[in-house]
Structures are given as structure tokens and as C-alpha cells.
Amino acid sequence: MTEAGPDPNEPVRSIRAPVHLEYHFMPGRASSRFLRGVEQGRLLGQRCPQCAKVYVPPRGACAACGVPTDEEVEVADRGTVTTFCVVNVPFHGQKIKLPYVSATILLDGADIGLFHLLQEVDAEKVHMGMRVEAVWAPPEQRKPTLESILHFRPSGEPDADYETYKDHV
Amino acid sequence: MRDVAVVAFAQSRAVRAEEGANEVEILMPVVSAAIERSGVPRKEIGFTVSGSCDYLAGVPFAFVQGLDAVGAWPPIRESHVEMDGAWALYEAWVRLQHGDVDSALVYAFGKSSLGDLPQVLTLQLDPYCMAPLWPDSISIAALQARAWLEAGHDEREMAEVAARSRKAALANPMAQVAQDLTPEELLKQPYLVSPLRRHDCPPISDGAAAVVLAAGGLAREVSERPAWIRGIDHRIEPHGLGVRDLTHSPSTRLAGERAGVGRATVDVAELHAPFSFQEVILRQALGLGPDVEVNPSGGALAANVMMGAGLVRIGEAAGRVSDGGAGRAVAHATSGPCLQQNLVCVLEADQ
Amino acid sequence: MSGQLCAVVGVGQTKYSSTRGDVSIAGLCREAAGRALEDAGMTWRDIDAVVIGKAPDMFEGVMMPELYLADALGAAGKPMLRVHTAGSVGGSTALVAASLVQGGIHQRVLTVAFEKQSESDAMWALSRPMPFAPPTLAGAGGYFAPLIRSYIRRSGAPDHIGIMVGVKDRQNALRNPYAHLQIEDISFEKVAESPMLWDPIRYLETCPSSDGACAMVLVDEPTAGRSPDPAWIVGTAMRSEPTMFAGRDAVNPRAGRDCAADLYAQAGITDPRGQIDCAEIYVPFSWYEPMWMENLGFAAEGEGWKMTDSGATAFDGDLPVNPSGGVLSSNPIGASGMIRFAEAALQVRGKAGEHQVAGAGQALGHAYGGGSQFFAMWIVRAQKP
Ligand SMILES: [Zn+2]
């Protein structure tokens, strides 16, 4: 009995070799403080002891000065859109409906922009200088992750003057 | 060659899992300590280079955050190797040969506790013919150990290395595993992966290390007793385990010859032997006799920060030279399965 | 330039395409390396050391693949280094290889950079939702699009600049048989009408995802003296700055400006636009051409787009930028930087074929990576310094 097997002269062009590895991510001390704050609906940054800039989220260090940042500073959950993009590209693992706006938001009291989603507004209406506020998940659903802020939305305040945020554009 | 010396070394205490701190938080005090000890002002360091590995953290570009610990502002001359920090040190040494910069910061970090290290290391193997079989790093080392035993060695040699290393580690506050047990006691332990017992294998460690190099006059200016790099070389072997003689380390032998290990008496050697029997292979490859003190730090059997353990060997060996404990020291680093790639560095005090 | 003289005497590239299913990772690297050796008139035996670079290991799912590639690259018994500096890696890898010669360590170094993105999913590797990050990541475009918007705001550049670059680089690619994208009917309308992926970045304003490898043979002065057409390296520089710190200018980063200044000082260049004959710069999104023109000192701040607009950067302009088609036409990430360096060398060696810029005597190779924070550059020259 003969069986028609694969052609032995046909080159093998690919193999499947699945990789599955599990990692336990470790946010570190500074991020842990921040994420515990987020869980309580607060945004906790850190001030650099050398240049006095406020980092949100804090990274435990001022990368410019190369020193640890210890002093905790609470900042507002509203701020100004310094720049943004409208994402319209599908990719594996994406959770958000297209198109969506991801924006760099300079929170009042912070010296560095925070990257987050901007919703409850048409993408065409989003612009630099727009004032926005955080929309928090209900307290019982908040977890120590930035997803506890569901997204940002326009706050209705008048646009910020370019001069107030131009160093962050 | 331009004279270049190790003028400072710092490391974190190796631990199984650094629960609170992330990589930057582990690294920052280590980098700061090395710079402070060097006496070279941070902003005057001419070149910075690091060694780390994305797969330890499980994220791409894991090395990028390391820059946060350095204070890279204004911008710095900087490079990174996806290798143990010992190779980063080699790159820095080469860069200092150019003559236009006089100092370099080298650092390495690894947080193996985030993943399952023996499984992660499987991905170092040939992706088409080996890795899909998922042999873990301990099993691969056990294969090599078996070949080595069959070549005329015995398990007691392994236990002796382990006993001596763990005992030496009692004097090393940065070590993770330290114990005073006799080889007989160790040999009574069960096998982990035959013929390896637990003590034949390295601990899994989290940690960081940093070294400052300085050239010529600057080294003399900032250090009372610089540890001069008199030779440094590294070599790689073929990857396939089946095409190599696993009972010897020809790449270590060649690197050792090129680095000039045999040119004079060696007082102390820090060998990066993650598995006990590998130390015997390395000693032989480097021609180190019984009178050479090996791994007074406890070596990789006492603390094995992935991507950092090789740099730590250089730092430890340099420390012995700088503190007057040794006139001439050899440091060794390894990478890849079964000692595939090896680096040898000879450090000397001023004559 | 620091250290001893070094020159490029061999360049090899693979055909770039979305899937090189006909070769393994080793086969891909060997294809480029073999061609570089052939170009240099050398054999594997002549090589003293191998320096390899690539972007994140997760793009192929192989950890530290240099270990597995040692055999294929003839590195057994030799020193081998593996560089990884994000997107600038191809450039940094060439610089580390050059450093081995400049430092007087070796005479003949083979350097190789590659990416075989088809073996895994690079977009996935770049965009995986991380537990502590906001849920907005969307590949490299998601990071760079807001910066491009900032550039447009700061410079007042008109919308059509990005489109022009997208057209020009694809036209150039038609002259380069190795280029991945060969869009015969490329036109302004075609780019303008392509979908907005990450507004303000259109589909045809982005780079493709490619498999490919590039290799070079770098040698010392005596060895280069025996080559008929060496490209002399007259300046090398790299600079890095942190990804995020308060007050950072990520649009026109100081690391890039400092890197260029260092480079020009080494090469004795005081008027880059007048003294450099062509440039291969890392432009993964079309708007990065005008942005880097400013960062590299070819134009004043806010004026870079005018070079594109006036045709100065076109193939027949006074500073042809990316005559090979650039990253917009071929993007094997880890190799993309080295391709820029290698193409600059080909130009001054007079070996760029159909995309040869007439009379190119001095050329710039440029690469950047991370969040516009890692820079690697070199200047190569036909004439021995
Ligand atoms: Zn600061």
C-alpha cells in the first residue's frame, strides 16, 4: 500500500514554534505609589530635588538630573492637550474601537505630559490647547492601573493660550 | 595599546527577587556609587555603555529605561550591547583606545525574577531545530556535565567547587547564597537534574553592577592603585552542542592566550562558571594551577545576576588588585549555552 | 576623527521584502555578509571579528540570536559583539565595528545588521498592553504622530510636505533593485488619498515592515589602500538622551543636534548643506525628512520643510536625501540604520548603480531610535583624509 506523503523535494518554508512565557511585571516603588493613588482617584507625582520639575507618572528618578525623586506632589486630574494623534490602524490585541484619539495631556501642576485616551468628542474637533478632564471608573471598579482613568474628555473650559504650553509642544 | 584601568566598581546585593524596586531603582544607587568612588565627575565621563537583555524583562527596549539612572543630560555618548556587561566593558575599553575620551561608565542589570529564567534561556537556542524542543538551561548544562564526567571526572570535583564557593561567599556581603558545608554533605543531596545537584547550579538573582574605567594619567590621578587592564579578549564557539567538545573550552583558552594570562603568575581569578563543573573546565582552559585562588567572592554559584555576573567578575578581580590583595588577577565572563562565548581580562597593579 | 583611519571596502544587501520565506535568519544574514565579502574581494577567513546588530529580539522570538548565528557568520573562534540601541542600532553597530578598527584592535571587521519581522509580529511586540501603561499604545506611529503634529504646529509647514516626501522616496526606490516597495504608479494623489492611519500620518507616509539584512566590511588604512574604491570614514558620532524628562524637546532633540555638531567638527564640515553631497537619513514617517533637515543643521529651525518643498532633497536637488528610497521604501528595522550608512558609502564609492548621485564625494549616514533619543551618524568621503 502506498500513501501520497509530502514531496521530499519541496523545501520547508516555515515551521510553527509557539513561545509562551509568563512574566510577573514589577512597577517599582515610584509607580506603585502612583498606582495606589490612581486606585483612590488621585494623581500623585514626584518633584525632582534638583530641577524642581514634577513628574506624572513618577518614574522614581529625574532622568535629566539622574537623581531619585522622593517628594510627592498631587496634581489635578485636568489639563491641556499639547499634541495628539487619531489612531485608525487595527492591530492584534487592540481593545479600543477605531478611530480613537490618543493625546499628550499636560496636567495642571505637572511638568511632563501624560499619554492617554481622549473620548466623548469627535476626532475632528480635537485640537491643541483643548482643556480636558479625567473620567474615572466608578470607585468600586478602580484598580491600581491607569485604566482606572477610563479616558479624558473635554472639560468645557476655554482653550489654553499657546504660550502656556508651547514648551511642551 | 593605551593604558586603561578599572578605577571603581559597585554592585547591588544579589537577591532572588527584588520585590519593591524596578530595574531603574536597583540600578540608580549602583551607578551613583561607582561614579562617586571613581572620583570622576558624572558630567565628565566620556563614554557610557551597558549590557542587558530584553527577554529578562519580557519587554522590547528594556535597556532604554536604564538611561534614566545615568542622568543622560546633556546628551551623552552612549551604546548598549545585548550581552553581559563584561562585553560592554570591552566596548568601552576599545573606545578608550581612540584617545579622545579618558573615562567610561559601564553598567549592567538583570531582573530574572520577572520570568522563568531556565525557560527564558531556551530562546537562546537555534530557533528552528533546538528551541522548539524547549530544553531548559539546567538540562542543557546537565548534558554538558554528563559529557564532562564521562571524560574522566567525578562528582566530588563538582561538590568541592560548590563547597568552596559557598563558603567563600560568607565573606561577601553582596552574595545571595552562602553556606559552610563539606563536599561530603553536598554529595548526600538529591539530584536536581542528574548529574547536577542544586548546589551545582547558580542561584537566580536580581541585581546590577557598574564599573568606571579611566585611561592613563586620569586613572593615576583618581586612583591610588588602579587595576590596569593588561589584556582583554573574547571568542565565540559554534552554537550547535553536537559540533563542540563540551568537555573543554577552546574559546576560553584562545581568549586567555590573547589576553596574556600565561605571561606571568596569576594571584587570583574570578571565573564566571554558572555551573560547578564549568569552573574546572575554565581553570584548565586558562592554565590556572592549584595555587591560584579562584572565586574568593563565591563566584556565580553564590550570585548570578544575568547580564551582570561577568561584569561583576571583572569588578571583583579589579577590587582585589586595588586593595592590594593581588598583584595580578584574571577575570572571565561567559555567555550562551555550555560556555559558548567567553571573555578573559587580565588586571594588574603597577609594577 | 578619533583614533586610526578606517574605511568601508565592502557592502552587501539582501533584497528587502515583507517575507523572505526562502531563507532562514542565518541564510538572510549570510546573503548580505557574503555579498559584502565579495565586494571587498575577501573570504570569511580574512575577517578578524564580527559585530552584529538588530532591534528587539522579540521581533523574531530569538534571545540573543548572535549565539545561534555565530556559525553562519563565520565567527567561530573569533570575537563577536552584539549591539542593540533600538532603531538606531544599524548605525550604532557600524560605529562599534568601526571603533574596533579606529581603536587599533583589528584590521578587518565584518558588520551585519538584520531583521526578519515576518518570523514574528513586530507591531504586537511594540504595542502589547502593559499592565501599568495607559491603554493607548498603537505601534511606533502612535508615538511619533503627535510629535509630527507638534512639528507642523511649530513650523507652520503645509500638509503637502509629508506627501511630497512619500512620493519622492518611492520614486527613488524605483532606481534601487534591493528596495522593498516598488510602486510603479506612485503619485501625489496616490499618497494623498491613502488612508490616515495615525492622523496626521497617512498609510503611504509610513515605512513598510520588511525582512532583510545589510553588511559591511570595515578595514584599517593599509588594507583600504589595496582597495580600488574605499569609502573613508571621516567622522563618527553617537549621542543618547533619556526618553522622558520634563522640558524635553522630542521634536528637535538636542541629542541629534549635538551628535551632528560633533560629527561635522570631526569631518571639518562648517557648511553641511554646501559640503555634503547626499544624505541617507532615517525617515520612517515622511515628515521626519524636514524634521531631521533642521536637527542635522541643513536648515534653520522651522525651515526644513522648505527644502522638501523646493525640491532640494529630490534626486536631482542640491542635497539628494535618501536616493536609495530610504526607510520609507525598505524597513528591516534592525538593519535600516546600517543600510543608511552603507548607502552613504556606496555613493562615495560610486557604486550606487541607478541611484548614484553624480559626483558624490562626501555623504552622511544617519540613524535614530527609541523616542527620538538615540542617534548614530557617520560621514564618509571618497578622498582619503
Ligand atoms: Zn531634575
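Visitor: What makes a pair of residues a salt bridge?
Guide: A side-chain nitrogen of Lys or Arg must lie within 4 Å of a carboxyl oxygen of Asp or Glu. Across the interface of chain B and chain A, that rule finds one salt bridge.

Visitor: How do you know that A:Arg59 and B:Asp68 form a salt bridge?
Guide: Their closest N and O atoms are 2.5 Å apart. The limit is 4 Å, so the pair qualifies.

Visitor: What kind of model is this, and how are its parts numbered?
Guide: The model is predicted: local features need pLDDT of at least 70, side-chain atom pairs count only at pLDDT 80 or more, and totals for chains, interfaces and linings use all residues. Residues are numbered from 1 along each chain as its sequence is written, chains are lettered from A, and side-chain values use heavy atoms, without hydrogens and water.

Visitor: How many residues are in contact between the two chains?
Guide: 31 residues of chain B are in contact (heavy atoms within 4.5 Å) with 25 residues of chain A.

Visitor: What makes up the touching side of chain B, by class?
Guide: It has 17 nonpolar, six polar and eight charged residues. Nonpolar means Ala, Val, Leu, Ile, Met, Phe, Trp, Tyr, Cys and Pro; charged means Asp, Glu, Lys and Arg; the others, Gly among them, are polar.

Visitor: How much of chain B is buried?
Guide: Buried residues (under 20% relative accessible area, 1.4 Å probe, protein chains only) make up 68% of chain B.

Methods
Buried means under 20% relative accessible area, exposed over 50%, partly exposed in between (1.4 Å probe, protein chains only).
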